[in-house]
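Here is a short briefing to read alongside the model.

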Amino acid sequence: MASTFSGDETAPFFGFLGAAAALVFSCMGAAYGTAKSGVGVASMGVMRPELVMKSIVPVVMAGVLGIYGLIIAVIISTGINPKAKSYYLFDGYAHLSSGLACGLAGLSAGMAIGIVGDAGVRLWLSMDSLSVSSSLPGLVNPEQNRVQSSETWVIAGRLHLVVSTPILAASAV
Amino acid sequence: MAATLGDSSSWSTALVKISPYTFSAVGIAIAIGVSVLGAAWGIYITGSSLIGAAIKAPRITSKNLISVIFCEAVAIYGVIVAIILQTKLESVPSSQIYEPESLRAGYAIFASGIIVGFANLVCGLCVGIIGSSCALSDAQNSSLFVKILVIEIFGSALGLFGVIVGIIMSAQATWPAKSILLDRI
């Protein structure tokens, strides 16, 4: 009866809450990033419709955060099997911490992507009224530099997440 | 089993006293209640912008109803998962309600409900905000509608993530009576 179930009784509570935290907070970050940069893209697109498809990059990066949360939540939730492998409170707390790490890092990365994406996309409007495909070479380079620097902020926000989750998910396994 | 009770931590002594059916019921309620909250929030954000923009540009109304439909889908995800979770509930003899196996099933349903509820809440909000800016930019320039709709599709994927993880986690909700019968066979 209980002999097939080894480990502490309430440890799965913390494990499942860790999986929940991983997904829910990452989705919060992804939603904030998508919504905030989407609003920026829409307001910019009214003035410059040809630049909208180029400005989808922050939205895609914010969506990827949701996928990170999904992966970690599935890894944690399939690792909670007290009949196959004993599941002590240590494992429960480790899963909770890895889920919180992934989720809260995703939340902060998503907020960063949203704010930077919104501001970066509106940078297009602060250029001159000349379009990006202008034939004046002197004005094309500064535009590209400004856009590239804002995209590196977006990438930096994502790298933080990529580094933190494998470290803490490995501690759970 | 008596050795693990109360030995582990103070959280355990409190959690072990709570019936798994309490956790399951609260999980199912959160799955549907918070999802519908997210859908409603998204619909009112989109709808109010849509109606306001349609005063000057009445052509946008029928196309932009798709944003409202995306928000509604979030509520439907909540309903589906709540129905799936309540079919996972089984009645267990009262001597076995506090078995470790049934406690784990209760926690799995609770966590699954929280995941689906809150993922759909933020998804509904996201789709609502983007839908409102889609309506406003469509009123200015109708070529923008499809482009902003692409962003909205990225937003609605978040609700799907919640449903997928909720269903995967609900597969963990196995109650002891079933496993005892299998042991006897």
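**Where chain A meets chain B**

Lys83(A) and Glu101(B) are joined in a salt bridge, with 3.6 Å between their closest N and O atoms. Please keep in mind that this is a predicted model. Across the interface of chain A and chain B, the rule finds one salt bridge, along with two residue pairs in polar contact, both at pLDDT 80 or more.

**Which parts of chain A take part**

- Helix H1 (11-47), helix H2 (57-78) and helix H3 (89-126) of chain A are the elements that each give two or more residues to the side touching chain B.
- H1(A) provides the largest share of that side, with 21 residues.
- By residue class, the side of chain A that touches chain B has 35 nonpolar, 10 polar and three charged residues.

**Extent of the interface**

- The size of an interface is often expressed as the accessible area lost when the parts come together.
- Here, chain A and chain B bury about 4100 Å² between them, and 79% of this lies on carbon and sulfur atoms.
- Of the area that chain A buries against chain B, 17% comes from Glu9(A), Phe13(A) and Phe16(A), more than from any other three residues.
- The contact draws on 48 residues from chain A and 51 residues from chain B.

**Cysteines**

- How many disulfides does a search of the whole structure find? Over all chains, the number is zero.
- Cys102(A) is in no disulfide, and the nearest cysteine sulfur, belonging to Cys27(A), lies 10 Å away.
- Cys102(A) counts as buried because its relative accessibility is 1%, and the cut-off for buried is under 20%.
- Over in chain B, Cys71(B) is likewise in no disulfide; its nearest cysteine sulfur is that of Cys123(B), at 7.8 Å.
- Cys71(B) has 0% relative accessibility, so Cys71(B) counts as buried.

**A closer look at Thr34(A)**

- Thr34(A) sits in helix H1 of chain A.
- Is Thr34(A) buried or exposed? Thr34(A) is buried, because its relative accessible area is 1%.

Methods: Residues are numbered from 1 along each chain as its sequence is written. Chains are lettered from A and ligands numbered from 1 in the order in which they are written. This is a predicted model: local features need pLDDT of at least 70, side-chain atom pairs count only at pLDDT 80 or more; totals for chains, interfaces and linings use all residues. Side-chain values use heavy atoms; hydrogens and water are left out. Contact means heavy atoms within 4.5 Å. Buried area is the accessible area (1.4 Å probe) that two parts lose on being put together, summed over both. A salt bridge is a side-chain nitrogen of Lys or Arg within 4 Å of a carboxyl oxygen of Asp or Glu. A polar contact is a pair of N or O atoms within 3.5 Å; within protein, one must be able to donate a hydrogen and the other to accept it, and residues adjacent in sequence count only if both atoms are side-chain atoms. Helices (H or I, at least four residues) and strands (E, at least two) are DSSP runs, numbered from the N terminus. Ala, Val, Leu, Ile, Met, Phe, Trp, Tyr, Cys and Pro count as nonpolar, Asp, Glu, Lys and Arg as charged, and the others, Gly among them, as polar. A disulfide is a pair of cysteine sulfur atoms within 2.5 Å. Buried means under 20% relative accessible area, exposed over 50%, partly exposed in between (1.4 Å probe, protein chains only).
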